[in-house]
Amino acid sequence: MTENMPTPDAPFKIGTRGSPLALAQAHETRARLSVAFDLPQEAFEITVIKVTGDQILDKPLREIDGKGLFTREIEEALLAGDIDIAVHSTKDMPTRQPDGLVMDCYLPREDVRDAFVSLKYRSLAEMPGGAVVGTSSTRRRAQLAARFPHLQVVEFRGNVQTRLQKLADGVADATFLATAGLNRLGMADVPYVPISPDDMLPAIAQGAIGIERRIGDDRAARMLAAIHDAPTGHRLAAERALLAGLDGSCETPIGGLAELDGDTLHLRGEILRHDGSRVLTEVATGWVEQGPDMGRDMAAKLLAEAGDGFFD
């Protein structure tokens, strides 16, 4: 593939949010493309696009129309041809892309675990009754209510620095971040401890970078194929099929994780009532190629067991 390659004068445009983590993910994408095609990094231009989710900081995301909060404006730019590809945190992505777009490239997955962050305690188990935990995640709030009902939960949003300042100011005693984000930002100085998925099943697709392109853009398709990580793709095919079957969004407490052992895929799924009063789990094992079917079947089993009104 030598024809129509990007150059510093006619760069390949990579669209992204402007948060520090989003920029780190866009730079990782640019670096991988540069190495894969032996091109200077100047042949890949990072274009920052403001998204709705980054502009609303005074209310919980679950109180807003959650679908596409961190993706809509970027996808509009992609469809308009203003950028060539869009780099996303896959856990923020709806399970269905807009007409004309496809997400079929994933970079190697980072650590999937949630990170417990506190200036006072080393784990949730150490926290006494009445201690305050800050989070904006519907999933984490429900998991805390189910497993640590003695803790008080308050709304908590902002970037890493903002959350650490809130902890220092006593707004909360602890909070959560994604371990993958801390790793990608090189924040080893943050006082955190990874939480085992056995104790807190992560969000579906947590730790994975997904790259979206226009359907029919053959150049983008060929370039992304060179950096796609197949094992990550297999895992996310199962997890996102589970999420799609549950019709999940940021308003629904859902956890899920697929893991590979050679050609075998292990899938775990969990749904919770918002108040933590019911927790339903399923596990499944099969061949890698069966991942999407496993996800859909698991979703059907969970919904059948939950009955009507489970998420109300």
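Predicted model: local features only at pLDDT ≥ 70, side-chain atom pairs only at ≥ 80, totals over all residues.
Contact here means heavy atoms within 4.5 Å, and helices (H or I, at least four residues) and strands (E, at least two) are DSSP runs, numbered from the N terminus. Residues are numbered from 1 along each chain as its sequence is written, and side-chain values use heavy atoms, with hydrogens and water left out.

Let us begin with helix α7, residues 218–225. Its buried residues (buried means under 20% relative accessible area, exposed over 50%, partly exposed in between, with a 1.4 Å probe and protein chains only) are Arg219, Ala220, Met223 and Leu224. Seen down the axis of α7, these residues fall within an arc of 125 degrees, so they line one face of the helix; the arc is that of the directions from the helix axis to the C-beta atoms.

Is proline 20 buried, partly exposed or exposed? With a relative accessible area of 47%, proline 20 is partly exposed. Proline 20 and glycine 181 are 161 residues apart in sequence, yet their C-alpha atoms are 9.5 Å apart in space.

Next comes an open sheet of five strands, in the order β7-β6-β8-β5-β9, with mixed pairing. Two strands pair if DSSP finds at least two bridges between them. At the edges stand β7 (152–154) and β9 (192–194), each with a single partner strand, so one side of each is left without a neighbour in the sheet. On average, neighbouring strands of this sheet are turned by 30 degrees against each other, direction ignored. Such angles come from axes that are lines fitted to C-alpha atoms, for helices over the stretch in contact, and they run from 0 to 180 degrees between N-to-C directions.

Within this sheet, β5 and β9 pair in the antiparallel sense over three bridges, and valine 117 has tyrosine 192 as its bridge partner in β9. Two helices pack on the sheet. Helix α4 touches β5, β6, β7 and β8, and its direction makes about 130 degrees with that of β8. Helix α5 (residues 160–168) touches β5 and β8, at about 165 degrees to the direction of β8. Strand β8 (residues 174–178) has four of its five residues buried, so it is largely enclosed by the rest of the structure. β8 pairs with β5 in the antiparallel sense over four bridges, and valine 117 has threonine 175 as its bridge partner in β8. β6 and β8, by contrast, run parallel and are joined by two bridges; valine 133 stands opposite alanine 174 there.

Serine 118 sits in the loop between β5 (114–117) and β6 (132–134). This residue is buried, with a relative accessible area of 4%. Setting aside residues up to four places away in sequence, serine 118 touches Leu167, Asp173, Ala174 and Pro191.

A further open sheet has three strands in the order β11-β12-β13, with antiparallel pairing. Its edge strands, β11 (254–261) and β13 (279–287), each pair on one side only. The twist averages 10 degrees from one strand to the next. Strand β12 (residues 264–272) and β13 pair over nine bridges, and isoleucine 271 has leucine 280 as its bridge partner in β13. Helix α4 (residues 138–147) packs on this sheet too, touching β11, β12 and β13. Helix α9 (residues 291–306) lies across β12 and β13, running at about 155 degrees to β13.

We finish with the nonpolar cores, each a set of buried Ala, Val, Leu, Ile, Met, Phe, Trp, Tyr and Cys residues joined through side-chain atoms within 4.5 Å. In the largest, of 23 residues, Leu242, Leu246, Leu267, Ile271 and Leu302 touch the most other members. A second, separate core of 19 residues includes Phe37, Phe44, Cys105 and Ala220.
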